[in-house]
Amino acid sequence: MALVQLLVHPFDPAEELARFTAAHPEAGGVVSFLGQVRAGGGVEALELRHYEPLTLPAMRDLAERVKARWDLDGLLVIHRSGEMAPGDPIVLVAAAARHRRDAFAAADFAMDHLKSESWFWKREKAAGAWRWVEPREEDFQDIARWQ
Amino acid sequence: MALKLLFLGRLEDLAGGGERSVPLAESIDAVLAGLDARLAEALRAPRVKVAVNGVLLRDRQAQALGDGDEIAFLPPVSGG
């Protein structure tokens with residue numbers, strides 16, 4: 001079972017993770033990744049935009065691919081859209097499995113694909129001006145590891 | 001008779017807004033021909049994907065357009 005959410009309001013990763021682990025007592029291990037807005041570099045705010053008809057359906061497809069590839073008890077994918085401040089959570093991925101290697105790999109794969117294939121566009125505000133963030137070459141290299 | 005164009009990500013800055021309405025045209029090429037040359041060139045880039053009414057196009061030449069269609073131009077993503 002996979003829980004996939006696209007949120008336009010802040011969320012509490014600790015609370016989400018506690019709920020997820022409580023729902024999967026049969027799992028021997030839970031691996032989670034939290035991405036947050038990086039402080040520093042003069043960044044005052046970060047905004048993620050999405051395209052309603054594509055973004056959530058593609059996140060659900062990704063979750064299905066992850067579940068098909070590894071033996072998981074549960075998968076949690078939460079991604080923010082909208083404006084965020086430094087320190088705010090952006091993305092939370094958690095994989096629950098009987099064996100830890102499946103959980104590590106599933107969370108890693110899900111994050112690499114969320115970063116480079118999901119329908120989100122990011123811009124940063126610094127010194128009062130917004131600037132769109134272009135994809136990084138490293139993100140494409142990260143995703144190539146799985147092919 | 002009109003089409004709704006959506007410009008995602010940095011294309012919004014180039015287009016001067018996230019969406020605009022244009023007169024109905026029969027193809028994506030015809031829509032682009034009616035736009036400012038610099039914007040049209042950016043929208044023709046192979047890395048810019050096109051969705052019509054929320055469905056990604058595999059072949060943008062083949063798509064016939066109808067009144068009220070929503071055409072979204074999607075530049076390379078930068079998520080997470």
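# Reading a two-chain model

Guide: Let us start with one residue: A:G74 counts as buried because it has 20 C-beta neighbours inside 10 Å. A residue is called buried if 20 or more other C-beta atoms lie within 10 Å of its own, exposed if 12 or fewer, and partly exposed in between, with C-beta atoms placed from the backbone. Please keep in mind that this is a predicted model, where local features need pLDDT of at least 70, side-chain atom pairs count only at pLDDT 80 or more, and totals for chains, interfaces and linings use all residues. Residues are numbered from 1 along each chain as its sequence is written, while chains are lettered from A and ligands numbered from 1 in the order in which they are written.

Visitor: Where is A:G74 placed, and which residues does A:G74 touch?

Guide: A:G74 sits in strand β4 of chain A. Helices (H or I, at least four residues) and strands (E, at least two) are DSSP runs, numbered from the N terminus. Two residues are in contact if their C-beta atoms, placed from the backbone, lie within 7 Å. Not counting residues up to four places away in sequence, A:G74 touches A:M1, A:F20, A:A23, A:H24, A:A27 and A:A96. The C-alpha atoms of A:G74 and A:V30 are separated by 9.0 Å, though these residues are 44 residues apart along the chain.

Visitor: How many residues does the largest nonpolar core have?

Guide: Here is the general idea first. In soluble globular proteins, nonpolar side chains tend to be buried together. A nonpolar core is a set of buried Ala, Val, Leu, Ile, Met, Phe, Trp, Tyr and Cys residues joined through C-beta atoms within 7 Å. The largest one here has 47 residues, and A:A95, A:A106 and A:A110 have the most contacts inside it. The elements giving two or more residues to this core are α2, β4 (74–80), β6, α3 and β7 of chain A, along with β1 (2–7), α2 (28–33) and β5 of chain B. Its largest share, eight residues, comes from β6(A). Leaving aside neighbours within four places in sequence, A:A95 is in contact with A:V31, A:L72, A:L75, A:A103, A:A106 and A:A107.

Visitor: What should α3(A) span, and which of its residues are buried?

Guide: The expected span of a helix is 1.5 Å times one less than its number of residues. The 18 residues of α3(A) should therefore span 26 Å, and its end C-alpha atoms are 25 Å apart, which agrees. Among the buried residues of α3(A) are A:A103, A:A106, A:A107 and A:A110. What covers the buried residues of this helix includes β2 (29–36), α2, β4, β6 and α4 (137–144) of chain A.

Visitor: How many residues does each chain give to the contact between A and B?

Guide: Chain A gives 21 residues and chain B gives 13 residues. The largest share of the chain A side, four residues, comes from α3(A).

Visitor: What is the order of the strands in the sheet of chain B?

Guide: Strands of a sheet pair through backbone hydrogen bonds, either parallel or antiparallel. Two strands pair if DSSP finds at least two bridges between them. Chain B has an open sheet of five strands, ordered β2-β1-β5-β3-β4, with mixed pairing. Its edge strands, β2 (19–23) and β4 (55–56), each pair on one side only. Strands β3 (residues 49–52) and β5 (residues 70–74) of chain B pair in the antiparallel sense over four bridges, and B:K49 stands opposite B:L74 in β5(B).
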